[in-house]
Amino acid sequence: MQVSQSPRFAVRLLLGASLLAVASPVFAQEAEEDTGLGEIVVTAQKREQNLQDVPIAISAIGSEKLERLNVRDTRDLSGLAPNVTIVQGTTSNSAAVISIRGITSPASESFGLDQANALYVDGIYIGRSGASALDVMDIERVEVLRGPQGTLFGRNSTGGAIAFISRDPSDELKVSARGGFGNYGAWNGRVSLDTGEVLGGLKATLSYSHSRRNGTVDNILQPDNSKDPGARRTDALRAALKLDLGETGSIRYIFDWSKTTGRNVAFQLTNVADGTARPPLVVNGQPGITQTQQAPVQQYLAGATFLDARCAALAAPTRVYRDTICLDQDKDAIDEIQGHNLQLQNDFGGFQVKMTAGYRKWDSTSLSSDLDGLGTFRGSLFSNATLFNGMPAALLAFIPTIPSAARPFIAASPVPTTTQGLFDTNNVRNHQQFSQEIEVSGDSEVLDWVVGGFYFWEKGSENNPQNSGFVLDTNQIFLANFGGLGPSFVAANPARYRLVVTNGLLRYTTSSESTALYGQATYYVGGRDGQLSLTGGLRYTWDNKFIIRQQSGATAPATPDQGRASFGRLTWNAMARYEFTDEVSMYLRAASGYRSGGFNAPDTTQAGTSTLLPFESETIVSYEAGIKAELLDRRLRVNLAGYHNKFKNLAANIPVVTSTPGVFGSRIVNVGKVDYTGFEVEARAVINDYLSIDGTFGYVDVNYKEFKVPTSGAVGAPIVDIASIAREGYTSRYTGNIAANLRVPLSDNGMTFNARVGYTYESPKYSFSNTISTPFNEQLKSDPKKQIDAQVSIDGIQIGGGEAQLLVWGKNLTNRHEFARGIDFGALGYAGGYFADPRTYGVTLGVKF
């Protein structure tokens, strides 16, 4: 299937589903009971509402579907909602890069850069992208809100928000357990206990889970399969308490803890540079744009000797997936997350009050990450003191700084060598946050309203040593500095390509505070039975941020670098909903959003000072129209949305090497304006008592109106607009998902056979915004995702007063090896990336009493 055909294929599948649904009354006449669509309750507007009555684009995924699809964390949600894609992070097992409607949270796991898509767990905002791949346990549903949610969900939700809502403790005593196994040595177990009502209305839930699997790629330098790339083991614990206060109020406390230890997904080398000069670029008649010059890695590797001969063949860069690889610096990455959530609420008759307070902590230790995909090699080492080693003594006589007595010794000395790789890093991150929100809400026959206040505080630190190798062409030194003797030195050079080894360190601490006040109201024209409702909301946010950097590079500055900044923004929301019938409604929405500015830790300081300058806030205004319909006696649900977003002050993440050579990182630059235009379709059709089909389709066009960058890294360099060559990072223009669901009764006591087959499509994604600073960006474009999943189960098996479920599942059944995400190391002269998981499958047995 060609990429250009895939979107049409997805549309045909959806149209096929709709045509089948139109025919469904013929089959439904034989049904003995109503098997129509059930009501979906969501809390996207800070109150419980039918999803069809909420005038925004929202998807809700229930617990049953999450379990059936074997969704284990946030990243498994990719493709389940239109225009939503999620890929893994770099050096953290708990990191996720989330894109909603083309607006992407950063791939950088730096503490200075906020997310563009907000993530919430039971009303608590998750501040860091590195801690966003949450373990899914005891989740009632996941709500995916698309479009800016700046009024009720606040800052950093310019693309949208994802909210995890966990289930309340049960009123009755319940015990459930699940266990399973799969390929790659995978096995898992989970047990959950609900106490029912005890001690005067107190209810509690206690759950524990353990899972593990071996690596999916064989690192031949690591004999233990449980320590191969992709291996992981996770323990998670959740406790929830709820105490009802009479009939009007409650207190709820939730504790969650998880620890994941494993190896990062294998980084595979895909491209190396040969050092060919990249001339200044001309864009739209604007000349003189300096492009990143790449080191001649290809030539250096050709002359290097690998310590393990098996690694030599695996060192050749390739885009073809390898299930065998050499990683010499691959050790455990450990992520430990804990959270405390306290909720108090009461209904005072005319109004309700809810307070949500939360404290969360994330500790991440990456003992070593291999980011070159190579085994250890030996090659020539550069240093100023050994530049002339091995040169003929006759040539050395022309260097007046070399004493005559030293010339024979230098001529006889070999060029030193080094044994290492191109790039490896380790990292220790610590983060803690506290938030508190108070909501006061009420409703009447004509009005729903909510007002609230929000406070958020966080502190994070990072200690990131890096060991990098920069390949230097020493012939260029001789030709540039020795005049007429240059060619003679070049001809006699015993080692043209030499490695400059830099042990750098990025170490800093950040803190921030955010405060907001908000309010929103919905007016029902003519009362709740009327056809028209109008909604308006406002929120003002104040942000304060601080960073102190002890080091960024090979040496620490005499005085730590610091930065302090404040940001603020008024965001608003206006919606109108018109109900044509009880089953069909239309809405119009205009809303704004804001992502706070901040500090990027690897950035350079203001010239001549130790002051770090902030990047500015982003803003968005979104216009949206949608139709929500349930047709054919509620056997067909179709929700449509179209949108146009105008984004200003876009903050782009540009990879840089802070000095040559030095510490690799990224720079955040406010580059300009961009428009996002697209549409979305979500549909579900109940064909008959046994068969249903659901599907989604999303399209987004990203149009850069302005993308301004300096022509070079020099102070005061002219600014040019490269919008015509800018690319959207981590964004799929087309996304689609379609699934057929079969449910067949097997007995009169509730036992059923269930089967689901689903297909997910995501068109290729770029990893960076242009080729000026990331020369391999075009080559690193991801493969299209074309994933087929399936699940088969027998539910409701009666056993000793309880019931059991037997589930067989498979992901990526065609075993496609899709390149998912790339990293371009710019001036270091090479690039590579990560592939999606190969085919995985397993069997799960669950029981509950």
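Three strands make up an open sheet, in the order β4-β5-β6, with antiparallel pairing. β4 (84–88) and β6 (103–104) stand at the edges with a single partner strand each, so one side of each has no neighbour in the sheet. The model is predicted: local features need pLDDT of at least 70, side-chain atom pairs count only at pLDDT 80 or more, and totals for chains, interfaces and linings use all residues. Residues are numbered from 1 along each chain as its sequence is written, and side-chain values use heavy atoms, with hydrogens and water left out.

Some terms come first. Strands (E, at least two residues) and helices (H or I, at least four) are DSSP runs, numbered from the N terminus. Two strands pair if DSSP finds at least two bridges between them. In general, strands of a sheet pair through backbone hydrogen bonds, either parallel or antiparallel.

Back to the sheet. β4 is joined to β5 (residues 96–100) by five bridges, and the two run antiparallel. Valine 84 stands opposite isoleucine 100 in β5.

A hairpin comes next. Strands β18 (residues 281–283) and β19 (residues 286–289) run antiparallel and are joined by two bridges. Leucine 281 stands opposite isoleucine 289 in β19. Two residues lie between the strands of this hairpin, and asparagine 284 in the turn has a positive phi of about 50°.

A disulfide is a pair of cysteine sulfur atoms within 2.5 Å. How many does a search of the whole structure find? The search finds one disulfide. It joins cysteine 311 to cysteine 326, with S to S at 2.1 Å. The pair links distant parts of the chain, 15 residues apart. Cysteine 311 lies in helix α5 (residues 310–314), and cysteine 326 in the loop between β21 (324–325) and β22 (333–347). The torsion about the S-S bond of cysteine 311 and cysteine 326 is about -80°, so the disulfide is left-handed. Both cysteine 311 and cysteine 326 are buried. Buried means under 20% relative accessible area, exposed over 50%, and partly exposed in between (1.4 Å probe, protein chains only).

Salt bridges follow. Each is a side-chain nitrogen of Lys or Arg within 4 Å of a carboxyl oxygen of Asp or Glu. A search of the whole structure finds 52 salt bridges. One of them joins glutamate 680 and arginine 101 (2.8 Å, N to O). This pair links distant parts of the chain, 579 residues apart: glutamate 680 is in strand β34 (residues 664–686), arginine 101 in the loop between β5 and β6. Both glutamate 680 and arginine 101 are buried.

Arginine 167 forms a salt bridge with aspartate 194, the closest N and O atoms being 2.8 Å apart. Here the partners are 27 residues apart: arginine 167 is in the loop between β10 (160–166) and β11 (173–182), and aspartate 194 in strand β12 (residues 186–195). Aspartate 194 is buried, with a relative accessible area of 3%.

Arginine 756 and aspartate 694 also meet in a salt bridge (3.9 Å, N to O). Arginine 756 sits in strand β38 (residues 752–762) and aspartate 694 in strand β35 (residues 691–710), 62 residues apart. Arginine 756 is buried at 6% relative accessibility. Aspartate 694 is buried too, at 10%. Elsewhere, salt bridges that share partners join Asp114, Arg128, Arg155, Glu458, Asp543 and Lys545 into one network.

Turn to the nonpolar cores. A nonpolar core is a set of buried Ala, Val, Leu, Ile, Met, Phe, Trp, Tyr and Cys residues joined through side-chain atoms within 4.5 Å. The largest has 40 residues, of which Leu374, Phe377, Phe388, Phe825 and Tyr830 touch the most other members. Elements that give two or more residues to this core include α4 (297–303), α5, β27 (447–473) and β28 (497–525). Apart from it lies another core, of 24 residues, among them Ile103, Val283, Leu650 and Tyr676.

Last comes the surface. Leu173, Val175, Val191, Leu193, Leu206, Tyr208, Ile799 and Phe849 form a nonpolar patch there, with about 690 Å² of accessible area together. β11, β12 and β13 (202–213) are the elements that give two or more residues to the patch. Leucine 173 is found in strand β11. With a relative accessible area of 61%, leucine 173 is exposed. Patches are made of residues with over 30% relative accessible area and no salt bridge; nonpolar side chains (Val, Leu, Ile, Met, Phe, Trp, Tyr) are joined within 5 Å, like charges within 9 Å. Accessible areas come from the Shrake-Rupley method with a 1.4 Å probe; for residues, only the protein chains shown count as cover.
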